[in-house]
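Dear colleague,

Please find the structure below, together with its sequence. My notes on what was found follow directly after it.

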Amino acid sequence: MNTLRDDLHELAAHVPDVDLADLAIRGARRRSRVVRLSLAAAAAVVVGIAGGSVILLQQEVRRVPPVVLTPPETKALPLPEKGVAPVQQAYRPSCAEGCKQDGWRIVTQSGEIYQLPAGPGPVTATADGRRIAYYSVQSRGIVVRDLASGRIWKSPLKQPKEDFADEYALRMSPNGLRFIVSGWGGRRQPKMLVDVEQGTVEELDKGWWPVSVADGDGPVVLAKPYDNTTQVWVRGHKPVTIPDFTYAFSALNPDGRTLVRVGQVLRRTAPMVRRDGTIVIFDALTGATQKRVAVSGLPEDMLPDKLGGWLTADEITLIAVEQSSTSGASEVAYAVNVRTGKARELFPLHAEGKYAVPGVVG
């Protein structure tokens, strides 16, 4: 019996320490590991050999409680009126049939998790994470909130929540006071440029997908993919054509002309289009390719998937995705230097449901 207890204590000692903050952000990914450890502990039996006979001490095993690890539920406090740190990411937890959908949550750069006011539709943040935009049922439109001061700007565009029952996109300018809201597939298909500071709304050309919008009266970038090419349009200039079907663009560089897209190759086997581990810098006004750069610093099995806002004059946000995972691909945010291709890790993304990263185009 002493041997049995010693073996069980040794098994419990080898269970890895649990970081509760990490579980709160990436709990879904680790539940399967917890289940395996619990089953291993409950199934432990000690086999004793006496006189050549094998004796299974099942009765005694049942008397000793198994080692069971239960990850805590992620708790999110209501979003305070002010004094909130910049956003690192937003996510909307998966909801099985019959459960209550609580809506979007934000994770701040200092680690707090807050629940946004309940409402459908898009959530996004400025590239610096200091301001967020989301649909307010009470206001019947998108509102922009400064997280530190608590100031709220209400959109002059009033929209029914049904606008956001299907696909949508929301792009904020760097200061958050100008945004594009675009939907497709639903009852209506709004494509509007909204300035919450000036109180203006402008309808955009249908069929174009929003890439980025600048502050003030700065440029608006739209894209329209075809079978094997994509048109990119910096409004005020002629559209240019690039030789790829893609939505994977960065925001427009502050120089007003430099864009980056995720590199890809065409193959005869499925999938026909595959990321190739590069980024491509091109001139959005002329369409000329300036440089194709191999991305370094990513784990071997991860490739660039989405791009975002400019962190510096040479660095943009990049989302990399694990290619061979069979249990749901891991996604991690990086900063990548577009000149050298060198990437540095920022943070892993929440493992379940929808997510939004400040400034990411996608």
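The second largest pocket of this predicted model is lined by 26 residues. Those that lie nearest its centre are S173, P174, V213, A251 and L252. The volume of this second largest pocket is about 470 Å³. By residue type, the lining of the second largest pocket comprises 16 nonpolar, 8 polar and 2 charged residues.

The largest pocket has a volume of about 560 Å³. It is lined by 21 residues, and the closest to its centre are Y168, A169, Y355, A356 and G362. Two or more residues of this lining come from each of β7 (123-125), β11 (167-172) and β26 (354-356). Which element gives the most to the lining of the largest pocket? That element is β11, with 5 residues. The lining of the largest pocket divides into 14 nonpolar, 2 polar and 5 charged residues.

As for the chain as a whole, it contains 3 helices and 26 strands. The chain has 362 residues, and 45% of them count as buried. Among the contacts with a separation of 6 or more, 47% are between residues 24 or more positions apart. The chain exposes about 18800 Å², and carbon and sulfur atoms supply 51% of that area.

With kind regards

How values were computed: Residues numbered from 1 in each chain as written. Predicted model: local features only at pLDDT ≥ 70, side-chain atom pairs only at ≥ 80, totals over all residues. Heavy atoms only, no water. 1 Å grid on protein atoms, 1.4 Å probe; cavity = no way out; pocket = protein on both sides within 12 Å on 5 of 7 lines; lining within 4 Å. Points joined across faces, edges and corners; volume = space filled by probe spheres on them. Helix = DSSP H or I, 4+ residues; strand = E, 2+ residues; numbered from the N terminus. Nonpolar A, V, L, I, M, F, W, Y, C, P; charged D, E, K, R; others polar. Buried < 20%, exposed > 50% of the residue type's maximum accessible area, 1.4 Å probe, protein only. Contact = heavy atoms within 4.5 Å. Areas by Shrake-Rupley, 256 points an atom, 1.4 Å probe, with all protein chains shown as cover.
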